[in-house]
Amino acid sequence: MFRINFLMLGFAYFINTTVAFGMWFFYLVRVLQGGIFATFGIGLSQNLGPGDASGPVGGPIIGHQMMGALIVLVLFGLWTARPHLAEVLRKAWNSKASVDDSREIMSYRAAVLCFLGGASFIFIWLWQSCMPVWIVPIFIFAALALMIGLARVVAETGLPTVAPAMAPATFVMSAIGSTALGIKGVVAAGYTLVWVGGFLMFVTAPMANALRMGSEISRHRRTVFLAVGAAVLIAMVAGTWFQIYLAYKHGGLNLNSKYYQGFAMWPSRFAEASLASPAGPNVGGWIWTGVGAAVMVGLMIARHTYAWWPFHPI
């Protein structure tokens, strides 16, 4: 059955043609890949929880390919931005450096301190939640790769939101294995799905768009940070109150089952399933992650080498 989606029609009109062509082409590749894999019985038997790209054209393989591609996308972006990042660190270390950060929404020193403070808080939280200390940096790396990579996808494509095919917890579980995490570590990883699970709403992408809008302000750009912070705080308080109000007034079971039942039970069910079937590192997962990374490396090199290249890496 064919139908016209006017929302997507308008969306495709406004985005860059190479981005639109790339999204269409690689979605077609994904559908063809899913059909070929289903025909020849190629797949991975893994529990990827809520991040599992289930369906006839999905599965754990898609999740691993996506993760490998996003890691390369983020690392390539950081490598390209290394001169600017060096200036940021220089200014953060020495406030008298010649680097000018007066037109940013916050000083470079404040930005670096906030990043280090936030990363340290997450590290301590996961460690005290009984996740092995040597696994915590791997988890944080996966979370940052997803947040930064998806924020770039949202910013460059104009999509309102993007749901990844894998979460940091499932990446760690596949790459390292539930046996390395231990019982307490598996439960700790499962409950990270509360705050870094489906990525339907995460602040990184809206913040990227806010920075773009803030670049149009000629003066008082520091107020953008205060406005974003106030918006996040108001949304958290109002959203939490309204969810509790609806649940008490109508009963959670009578409301959207995905939000009031599915999401609420995912952390416990994921931990339960992982503990019921303990496993070590998944070699197949590593291979398909490498395949996704290799394809993204080729796309990024082609994008920056050939002016006629029609595919955007996103």
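Where is Ala231 found? Ala231 sits in helix H10, which spans residues 222-250.

## About the model

This is a predicted model, in which local features need pLDDT of at least 70, side-chain atom pairs count only at pLDDT 80 or more, and totals for chains, interfaces and linings use all residues. Residues are numbered from 1 along each chain as its sequence is written, and side-chain values use heavy atoms, with hydrogens and water left out.

Helices are DSSP runs of H or I with at least four residues, numbered from the N terminus.

Ala231 has a relative accessible area of 45%, so Ala231 is partly exposed. Ala231 and Ala188 are 43 residues apart in sequence. Their C-alpha atoms are 30 Å apart in space.

Ala227 is also found in helix H10. Its relative accessible area is 47%, which makes Ala227 partly exposed. Ala227 and Ala210 are 17 residues apart along the chain. A distance of 9.7 Å separates their C-alpha atoms.

## Helices H3 and H12

Helix H3 covers residues 60-80, and helix H12 covers residues 283-305. They pack at an angle of about 45°, with their axes 7 Å apart. Axes are lines fitted to C-alpha atoms, for helices over the stretch in contact, and angles run from 0 to 180 degrees between N-to-C directions. H3 and H12 are therefore oblique to each other. Angles under 35 degrees count as roughly parallel, over 145 as roughly antiparallel, 65 to 115 as roughly perpendicular, and the rest as oblique. The crossing of H3 and H12 is right-handed. A crossing is right-handed if the near helix is turned clockwise from the far one by less than a right angle, and left-handed if anticlockwise.

Contact means heavy atoms within 4.5 Å. On the H3 side, the contact residues include Ile61, His64, Gly68, Leu73 and Phe76. On the H12 side, they include Trp288, Thr289, Met296, Met300 and His304. By class, the contact of H3 with H12 has eleven nonpolar, seven polar and no charged residues. Here Ala, Val, Leu, Ile, Met, Phe, Trp, Tyr, Cys and Pro count as nonpolar, Asp, Glu, Lys and Arg as charged, and the others, Gly among them, as polar.

Thr289 lies in helix H12. At 11% relative accessibility, Thr289 counts as buried. Leaving aside neighbours within four places in sequence, Thr289 is in contact with His64 and Gly68.

Met300 lies in helix H12. Its relative accessibility is 1%, so Met300 counts as buried. Leaving aside neighbours within four places in sequence, Met300 touches Leu73, Phe76, Arg152 and Pro313. Met300 and Gly149 are 151 residues apart along the chain, yet their C-alpha atoms are separated by 14 Å.

How many salt bridges does the structure hold? There is one. Arg152 pairs with Glu156, and the closest N and O atoms are 2.6 Å apart. A salt bridge is a side-chain nitrogen of Lys or Arg within 4 Å of a carboxyl oxygen of Asp or Glu. Side chains of opposite charge can pair when their charged atoms come close.

Both residues lie in helix H6, four residues apart, about one turn of the helix. Arg152 is partly exposed, at 27% relative accessibility. Glu156 is partly exposed too, at 34%.

Helix H4 (residues 82-93) and H5 pack at an angle of about 95°, with their axes 8 Å apart. H4 and H5 are therefore roughly perpendicular to each other. H4 contributes His84, Val88, Leu89, Lys91, Ala92 and Trp93 to the contact, and H5 contributes Tyr108, Arg109 and Val112. By class, these are six nonpolar, one polar and two charged residues.

Cys130 is found in the loop between helix H5 (108-128) and helix H6 (136-157). Its phi is near 85°, a positive value in a residue other than glycine. At 37% relative accessibility, Cys130 counts as partly exposed.

## Helices H8 and H11

Helix H8 (residues 178-190) and helix H11 (residues 257-276) pack at an angle of about 165°, with their axes 9 Å apart. That makes H8 roughly antiparallel to H11. H8 passes H11 in a left-handed crossing.

How values were computed: Helices (H or I, at least four residues) and strands (E, at least two) are DSSP runs, numbered from the N terminus. Buried means under 20% relative accessible area, exposed over 50%, partly exposed in between (1.4 Å probe, protein chains only).
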